[in-house]
Amino acid sequence: MISDTLHLGEDEPTNEPFDTTAPDMNSNLHMDFGFIELHSLGNLVWEDANNNGLYDGGEMPLTGVIVELHYYNPATMDCELIGYDTTDVNGLYLFDSLLAGKYILALSQSNFDAGGVYAGYVSSTGGLSDLTTKAGSAYDDPASLANDPDGEPSDLDDNGITNKYTVGPLAGLIATDTIDLGDGEPLNENPYNDGTTSDANNNLTIDFGLLPMHSIGNLVWIDSNNNGLVDAGEMGIPGVEVVLHIVTQSGCVAVDTQITDGSGKYLFDTLIAEIISSRSQPIILQWVSHWKICQQYRRGSDLTTKTGSPYEDKNVPNDPDNDTDNDDNGIRGGNTNFASSVTSDTISLNGNEPIAEIDGSTGSTDTTYDMSGARNINSNLTVDFGFVPLHSIGNQIFVDANNNGKMDLGESAIPGVKVILHYVDTTGGMSVCVTIDSVITDSDGKYVFDSLIAGQYLVEIPASNFAPGQPLENYNSSTGGGATNTTSGPNEVPGMPIDADTPADSVDHGVFVSSGPFAGG
């Protein structure tokens with residue numbers, strides 16, 4: 001610090017009260033020097049792995065994070081960017097040689113842009129303090145926030161708020177509330193990385209917790225062959241409502257809803273990893289299909305008995321945590337908490353998600369669909385749901401009085417007839433007939449078997465209907481006198497009056513009187 005050049009002997013000022021030796025006219029006692037105290041701000045950016053807003057033992061400091069210093073100018077009532085610093089190997093940063101005044105610290109957007117060192121990271125929420133409503137000026141929140149950096153007694157807690165400011169150079173950044181330097185700085189901060197400024201003039205409690213965000217997705221599709229796998233040519237289903245839930249101590253809480261796009265894709269992004277505590281907080285998906293003609297077919301794996309918590313089914317073939325892509329992960333009615341919905345098992349986000357998921361319907365990598373910025377290792381895009389179209393078989397038992405194989409005007413229906421449906425299972429290399437349902441005809445002789453998947457079926461009118469006192473006593477099957485089935489094969493019955501596969505015919509059964517006074521009538 002030095003003054004400008006001073007010429008003694010030329011018109012010195014008079015009447016200075018301090019010099020008692022030199023004549024007043026030869027003395028210049030106007031050479032004064034003023035000093036001000038300097039301040040500093042810092043100091044830690046770390047990975048808040050459990051998202052509790054506190055720096056816990058073992059959590060990793062983050063190096064290479066660019067931190068911005070903004071000065072609030074009371075004259076213009078606006079913020080000015082005045083400096084940058086970058087965190088060192090210990091996650092520490094420092095702005096020193098500062099004057100008293102109001103400042104704001106922020107993390108540069110370049111940290112999080114594609115290709116940035118911390119792309120895919122978001123601010124720690126730290127107990128929802130980020131959601132506090134702002135009041136006061138555009139740059140100051142006078143309320144006592146949990147993460148208020150100004151004069152708080154605690155150190156090593158998160159002071160960053162995402163999108164706190166919506167205008168100016170701080171818009172959209174992770175930033176602090178205003179910090180007043182020169183108004184009682186905290187003492188004994190730890191860690192202490194300022195070797196030049198006195199403890200009373202520095203505030204080293206301005207810390208930022210970050211954590212990697214996760215995502216879950218991504219396909220709802222028509223499983224045409226009902227094999228539980230996405231095969232080439234199978235199409236996605238648009239317009240399906242998908243609800244994301246997180247399990248807490250109080251139960252399952254809906255946190256977000258998405259609608260599948262034109263390709264049947266959905267995505268939940270900006271998610272945090274499962275919180276490690278005395279309880280787990282897994283994530284579950286609830287599906288409410290708006291595609292009314294479809295529902296998931298209950299394969300054997302869907303019927304597995306749950307052995308874990310009410311939301312956890314251990315080691316099932318369609319477990320979404322097994323990281324297998326392009327397989328069905330849905331269970332309809334498998335979770336009593338969502339009895340009418342199709343749900344996944346729990347999905348644990350833990351920073352070890354599957355890599356380079358493949359979308360079997362398009363041949364492209366699913367990672368191109370995840371536009372959230374979540375890193376591949378933090379994104380689980382294997383949670384897929386297959387649906388199959390429903391079919392039905394029916395529909396009437398009637399008295400074929402003239403035995404022509406058709407229900408003519410005046411011919412009556414027969415109520416109370418038991419009808420049995422059999423499914424022909426060929427999956428084991430041979431045909432096995434399995435009884436799957438039975439119904440009783442209504443007052444109009446009508447019956448229907450619905451919610452069926454594509455496949456081969458047989459409809460039976462069991463012999464019990466022809467016993468004494470039963471609806472078909474003294475009746476026999478109508479012969480029809482028409483075309484007969486000539487198709488051969490293990491599941492076909494040659495000689496039947498008409499093929500039930502004929503599009504123009506429903507599976508109706510005509511009977512005529514076979515004994516008594518009206519036999520053959």
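This report describes the strands, sheets, nonpolar cores and aromatic pairs of a predicted protein model.

## Overall composition

The protein contains 26 strands and 0 helices. It has 521 residues, of which 42% count as buried. Among contacts between residues at least 6 apart in sequence, 67% join residues at least 24 apart.

Strands of a sheet pair through backbone hydrogen bonds, and the pairing may be parallel or antiparallel.

β1 and β10 are joined by 7 bridges in the parallel sense. Within this pairing, Leu41 stands opposite Asn203 of β10, and Asn43 stands opposite Ile206 of β10. Strand β6, residues 121-123, runs antiparallel to β10 and is joined to it by 3 bridges. Here Val122 has Leu211 of β10 as its bridge partner.

Strand β10 is mostly covered, since 11 of its 11 residues are buried.

## The nonpolar cores

The largest nonpolar core comprises 21 residues, and those with the most contacts inside it are Leu41, Tyr93, Leu105, Leu107, Phe208 and Leu210. At least two residues of this core come from each of the strands β1 (39-47), β2 (66-73), β4 (95-98), β5 (101-107), β9 (179-181) and β10 (202-212). A second, separate core has 17 residues, including Val388, Leu421, Tyr457 and Ile461.

Which residues does Leu107 contact, leaving aside its neighbours within four places in sequence? The contacts of Leu107 are Val65, Ile66, Val67, Phe112, Leu173, Ile174, Phe208 and Leu210. Among these, Phe208 and Leu210 are also listed with Leu107 among the residues with the most contacts inside the largest core.

## A sheet of three strands

Another open sheet consists of 3 strands in the order β22-β21-β24, with antiparallel pairing. Its edge strands are β22, residues 432-440, and β24, residues 456-460, and each of them pairs on one side only. Neighbouring strands of this sheet are turned against each other by 25° on average, direction ignored.

Strand β21, residues 418-425, pairs with β22 over 8 bridges in the antiparallel sense. One of the residue pairs to look for is His422 with its bridge partner Thr435 in β22.

Leu244 lies in strand β12, which covers residues 241-248. Is this residue buried or exposed? Leu244 is buried, because its relative accessible area is 1%, and the limit for a buried residue is under 20%. Leu244 and Ala254 are 10 residues apart in sequence, and their C-alpha atoms are 5.7 Å apart in space.

## Aromatic pairs

A pair of aromatic rings is described by the distance of the centres and the angle of the planes. The protein has 7 aromatic pairs. Two of them are set out below.

| Ring pair | Distance of centres | Angle of planes | Arrangement |
|---|---|---|---|
| Trp46 and Tyr55 | 5.7 Å | 75° | edge-to-face |
| Tyr447 and Phe449 | 5.8 Å | 65° | edge-to-face |

Why is the pair of Trp46 and Tyr55 described as edge-to-face? The planes of these rings stand at 75°, and planes over 60 degrees apart count as edge-to-face. The planes of Tyr447 and Phe449 stand at 65°, so this pair is edge-to-face as well.

The accessibility of these residues can also be given. Trp46 is buried, with a relative accessible area of 0%, whereas Tyr55 is partly exposed at 28%. In the other pair, Tyr447 is buried with a relative accessible area of 4%, and Phe449 is buried at 0% relative accessibility.

Notes
Residues numbered from 1 in each chain as written. Predicted model: local features only at pLDDT ≥ 70, side-chain atom pairs only at ≥ 80, totals over all residues. Heavy atoms only, no water. Core = buried A, V, L, I, M, F, W, Y, C linked by side-chain atoms within 4.5 Å. Buried < 20%, exposed > 50% of the residue type's maximum accessible area, 1.4 Å probe, protein only. Helix = DSSP H or I, 4+ residues; strand = E, 2+ residues; numbered from the N terminus. Contact = heavy atoms within 4.5 Å. Pairing = 2+ DSSP bridges. Axes fitted to C-alpha atoms, helices over the stretch in contact; angles between N-to-C directions. Phe/Tyr/Trp six-rings, centres within 6.5 Å; stacked < 30°, edge-to-face > 60°.
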